[in-house]
Amino acid sequence: MATPTPLPKTMKQWVQTRNGAPKDALQLKTDAAVPSAPAPSSADVLIKISHAALNPVDVHHMRILPTWLPFRRCPTPGFDFCGEVVAAGSAAPEEFRKVGAVVGGALGGMQVAFGKGTLAEYVTMPAHLLALKPKGLSEAEAAGVLGIAGQTANICVRAAGVEQGQRGLVNGASGGVGSLLVQILKAKGVVVYGVCSGVNEAMVKGLGVDEVIDYKAHDPVEPFLAEKFKDQPLDFIIDCVGSQPLFSHSTGYLKPKGKFLTIAGGKSNGVVPFVRNRLRPVMLGGTPRSWQILALLPAGNLAQEVAAFVDDGSIKKPLVDEVFPFEEAVKAFEKLATGRAKGKIVVKVAV
Ligand SMILES: NC(=O)c1ccc[n+]([C@@H]2O[C@H](COP(=O)([O-])OP(=O)(O)OC[C@H]3O[C@@H](n4cnc5c(N)ncnc54)[C@H](OP(=O)(O)O)[C@@H]3O)[C@@H](O)[C@H]2O)c1
């Protein structure tokens with residue numbers, strides 16, 4: 001087991017005291033108990049968090065997940081993190097047992113279900129959620145890249161099964177997931193079309209996208225896509241926004257055997273689009289194209305693959321929209337909730 005450095009007894013931690021918008025739901029505690037060091041024979045690791053990156057799912061959970069269940073009373077928000085190992089059990093892999101190793105990733109559903117979150121100075125978690133921070137990333141960047149956004153971009157690329165020379169469209173190319181996804185696709189030799197608003201056009205072009213489509217200048221965007229791709233339809237579309245019309249009209253711009261993948265299931269958490277797009281037969285108005293919704297289960301191996309994309313130069317520009325001080329986490333959530341983030345919103349946890 002790694003030798004723990006002396007730990008303080010208390011720490012700063014954001015907790016959620018009720019459901020609602022972040023400004024109503026969150027409270028800052030300055031005397032929360034620091035988690036105890038992992039059991040000597042466990043595979044758990046105690047991390048001193050330096051940065052936490054935020055995701056739309058954090059705000060969604062704040063609105064809907066109960067805060068009163070005995071096992072998740074006053075939960076802490078936040079999945080993504082970067083920080084350093086301060087103690088570890090002997091069953092954790094060697095690279096994650098080293099005190100001072102800088103690691104990143106995202107908490108899993110189990111940890112979050114039991115009220116854990118990364119907007120706290122210290123968090124214990126299983127080593128199987130971790131990746132070592134690549135040298136090429138700052139800790140603020142690593143929190144976003146190795147966390148939910150990067151891991152989701154990774155599962156999108158896997159599910160699309162991309163091949164060199166294919167042509168794919170990413171809706172929401174300027175967001176946390178989209179901005180990483182377009183870079184990985186480009187590195188795999190895909191011709192990438194990125195959809196975002198005109199104000200982000202130069203930024204998305206700078207990520208290597210072949211052509212940017214401004215959905216505000218072409219509103220609605222679907223007839224524009226049908227005209228543009230009528231002679232050479234796309235191999236796949238990855239929707240990081242959750243647009244039903246984009247799928248419903250996709251016969252105009254997606255190959256008959258093309259794939260439509262979405263990561264955004266809307267208010268019904270994917271149930272309504274699943275019924276509409278997977279179960280409804282074509283004769284009852286269903287769209288004759290393959291539709292799939294992807295759900296990330298955070299895992300260290302996914303984060304490690306993302307770290308490898310950084311190391312091999314596939315991800316060159318991790319976008320951090322803004323880094324907020326810990327005390328201003330509510331402001332950070334409010335910026336995220338505008339839906340206009342350019343890459344990741346990050347909270348600096350360690351002083
Ligand atoms: N299924 C999963 O496991 C999973 C995992 C991660 C995320 N998600 C979901 O995926 C979505 C994206 O996540 P994220 O972290 O990338 O969010 P984000 O960083 O908040 O995305 C914000 C981006 O969305 C773009 N956008 C908003 N409306 C748009 C529209 N009509 N057309 C095109 N782009 C639009 C904005 O671009 P402009 O300002 O340029 O318009 C902005 O850059 C969220 O709904 C999230 O909950 C799901």
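**Exercise 1. Find which residues are closest to the ligand, and sort the shell by class.**

*Solution.* Start with the count: 23 residues surround the ligand, and S174, S197, N200, Y215 and L294 are the closest. A residue belongs here if one of its heavy atoms lies within 4 Å of the molecule. This is a predicted model, in which local features need pLDDT of at least 70 and side-chain atom pairs pLDDT 80 or more, while totals for chains, interfaces and linings use all residues. Residues are numbered from 1 along each chain as its sequence is written, and side-chain values use heavy atoms, leaving out hydrogens and water.

Next, sort by class: the shell has 13 nonpolar, nine polar and one charged residues. Here Ala, Val, Leu, Ile, Met, Phe, Trp, Tyr, Cys and Pro count as nonpolar, Asp, Glu, Lys and Arg as charged, and the others, including Gly, as polar.

**Exercise 2. Work out which N or O atoms of the protein lie by the ligand's oxygen and nitrogen atoms.**

*Solution.* Look for polar contacts, meaning pairs of N or O atoms within 3.5 Å.

- The side chain of Y215 has an N or O atom 2.4 Å from a ligand oxygen.
- In R340, a side-chain N or O atom is 2.8 Å from an oxygen of the ligand.
- L294 uses its backbone: an N or O atom there lies 2.7 Å from a ligand nitrogen.

Then check the cover: on its own the ligand has 930 Å² of accessible area (Shrake-Rupley method, 1.4 Å probe), and the protein covers 81% of that.

**Exercise 3. Explain why the ligand lies between two domains.**

*Solution.* Domain 1 (10–147 + 319–348) and domain 2 (149–293), with bounds from an automatic or database assignment, both give residues to the shell, so the ligand lies between them. Among the helices, α6 (148–160) and α7 (176–187) each supply at least two shell residues. Helices are DSSP runs of H or I with at least four residues, and strands are E runs of at least two, numbered from the N terminus.

Definitions and conventions:
A polar contact is a pair of N or O atoms within 3.5 Å; within protein, one must be able to donate a hydrogen and the other to accept it, and residues adjacent in sequence count only if both atoms are side-chain atoms.
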